[in-house]
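Please view the structure below before reading on.

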Amino acid sequence: MSYLTQPTASHFVNGAYVEDTNGTPIDVIYPATGAVIATVHAATPEVVEQAIVSARVAQGAWAALPGTERGRILGRAADMMRERNHDLSVLETCDTGKPYQETSVADATSGADALEYFGGLAATLTGEHIQLGTDWAYTRREALGLCVGIGAWNYPTQIACWKGAPALACGNAMIFKPSETTPLCALKVAEILHEAGLPAGLYNVIQGMGEVGGALVGDPRVDKVSLTGSVPTGRKVYAAAAAGIKHVTMELGGKSPLLIFDDADLENAVSGAILGNFYSSGQVCSNGTRVFVQKGIKEAFLARLTERLKGAVIGDPLDPATSFGPLVSQRQLEIVRSYIAKGIEEGARLVTGGARVERDGFFLQPTVFADVSDDMTIAREEIFGPVMAVLDFDTEEEALARANASEFGLSAGVFTRDLVRAHRVVAGFEAGTCFINSYNDAPVEMPFGGSKLSGVGRENAKAAIEHYSQLKSVYVRMGDMEAPF
Ligand code: NAD
């Protein structure tokens, strides 16, 4: 496998692969076997400096290009990503352990969507004209300058594109630091962007742990930071960015509610709960991990869910028949197992799963707890693994209040055939991204992001433009200037 996974070098800076073996080695482990499949090195201060300088040098000319020219390059990169989808999906599977069945439809493809969408939008970015009597004003929509992207490990290709595409469309340069757990995919994004014609220096990828991320966030030459990660990291990065009054986007964790009413289509509701808990082995920030089921449908829901989970094909993630893969790392496996132990200890009823799968790698069975109460640890904390907590409820009012009683506010969903109720419930949700009779859709045309501790700012859609550009206002006087003395 190594010929596929070992990158040419650890970093991609100023349009080329760059190595500096003085950096701390970072082993890349294939989660399905535990084998080391590549080794990269954390960026040294010299590599960080090279990335910052090359980005700053390249950014001005890039911002000065007409939007159509910037957009054309992003569009070409999108096409190339789609042409190479198979290889990119295999790499994503090796990096993360997610089944090829998922990666072939959800990762490079979603990255390509972002490149295509923001490539198209680049030519439409304008300011406005404001008539003020005979005087007038206008606004210019300008780039921020140098944006830093810092990624989590669950969607390394998608995150690299969701941050890079709007940043580049708006005329910025980007330095992207992938998660140290999944360092491989973003290098391919950089390679493709440059093959598509992106001038050197505009999209740099450098490796490293939090320390390298911290060096970027703290550098006064960086104008914006977009982080996808956990709330504790978000707090640190937000605070460090605040010291320099930098722009931020924070895509953080969640413990999202999914409300299933008695009148819901049972099969669809079960599908929503499965997708919203077990896709990517549960390592999705927006997952609906608190499943509130109305009492009248609860037993039928649990019975059908248990039945459907028997259909999960657990195995080699590179086999296209596999639908459920391992967790990303030994560490994540241990974290999730400790939550399962807590669930049992605190009195939740284990309906199915709960144990490791007898094979190499970091596999854990899809796990469902019922009779979960709001105060249990598994109902309050983000687990980031394949663990569903089922809670029951009587009334809409009660369910909504309990759904909102969380410090997180990333996503929320509702299954009901009563559409008036569906819209009423969604209006009451304290969450950034909501779903009616569906779960976890993330088309690039729709803004994505969280409220409360789950984050600030929005990715995707036209909303992302606001977070990668700034307005300059220009007042134009047409007559004489007056002054009091
Ligand atoms: P993490 O917070 O441990 O790390 C995220 C990134 O931040 C990594 O690249 C890490 O190296 C970097 N980092 C750590 N400390 C830093 C510091 N002091 N300064 C700068 N960078 C630093 O998160 P993770 O374990 O990689 O990912 C899982 C978390 O990400 C979960 O909480 C999940 O909900 C969240 N997530 C959110 C979204 C979203 O869009 N809202 C998407 C995916 C994942």
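Which atom of G229 lies 3.3 Å from an oxygen atom of the ligand? It is a backbone N or O atom.

## Basis

The model is predicted, with pLDDT of at least 70 needed for local features and 80 or more for side-chain atom pairs, while totals for chains, interfaces and linings use all residues. Residues are numbered from 1 along each chain as its sequence is written, and side-chain values use heavy atoms, without hydrogens and water.

## Ligand site

The protein buries 86% of the 850 Å² that the ligand exposes when taken alone (Shrake-Rupley method, 1.4 Å probe).

The ligand is surrounded by 28 residues (a heavy atom within 4 Å). The closest are G151, E180, S230, T233 and E382. By class, the shell holds twelve nonpolar, eleven polar and five charged residues, with Gly counted as polar. At least two shell residues come from each of α9 (210-218), β10 (224-228) and α10 (231-243) (DSSP runs, at least four residues for helices and two for strands).

## Helix pair

Helices α4 (residues 85-96) and α8 (residues 185-195) pack at about 155 degrees, their axes 9 Å apart. α4 is therefore roughly antiparallel to α8 (angles over 145 degrees).

In this contact (heavy atoms within 4.5 Å), α4 contributes L88, L91, E92 and D95, and α8 contributes C185, K188 and I192. Four of the contact residues are nonpolar, none polar and three charged.

How values were computed: Polar contact = N/O pair within 3.5 Å; in protein donor to acceptor, adjacent residues only side chain to side chain. Axes fitted to C-alpha atoms, helices over the stretch in contact; angles between N-to-C directions. Parallel < 35°, antiparallel > 145°, perpendicular 65-115°, else oblique.
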